[in-house]
Amino acid sequence: MPSGNIVGLVGTSGKLYALNLPYTIAEDYKNSEVFRQEKAQKEGRIYQPGIFTTLPEVLVDSNEKNFTKIIYQDENGKKIEIPIEEITPEIAAQNQGAFFYQITN
């Protein structure tokens, strides 16, 4: 399990949106395991360890349509850009010309 963290998202506009998550990916995975098991059971699916959804909230420009990259920082501080596809943000709240998006998969 990676012990680094997601530190940013890059929008289709090319703008970097920094994240300051209080936990590592490993901590998020461990802390959400019971929730993921219960969700799979409620949806009638078999629980699959290793697959999970992270829900960072980030304030982005209102014209941003999607995200193209995740910026991952490993345990040694090295930042790695990871291209992403088919991850569409959902508007969670609107705030004077900006939106809060949640990344759901």
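Helices (H or I, at least four residues) and strands (E, at least two) are taken here as DSSP runs, numbered from the N terminus. By that count, the protein has two helices and seven strands, laid out along the sequence as β-β-α-α-β-β-β-β-β.

A quick word on the source: this is a predicted model, with local features needing pLDDT of at least 70 and side-chain atom pairs counted only at pLDDT 80 or more, while totals for chains, interfaces and linings use all residues. Residues are numbered from 1 along each chain as its sequence is written, and side-chain values use heavy atoms, leaving out hydrogens and water.

Now the sheet. Four strands make an open, antiparallel sheet in the order β2-β1-β4-β5 (two strands pair if DSSP finds at least two bridges between them). β2 and β5 sit at the edges, each pairing on one side only. Inside the sheet, six bridges tie β1 to β4, and G8 stands opposite I71 in β4.

Then there's the core, meaning buried Ala, Val, Leu, Ile, Met, Phe, Trp, Tyr and Cys residues joined through side-chain atoms within 4.5 Å. Buried means under 20% relative accessible area, with a 1.4 Å probe and protein chains only. The largest nonpolar core has twelve residues, among them I6, L9, Y17, F67 and I84.

β4 supplies the largest share, three residues. Across the protein, buried residues make up 32% of the 105 residues.

Key: Buried means under 20% relative accessible area, exposed over 50%, partly exposed in between (1.4 Å probe, protein chains only).
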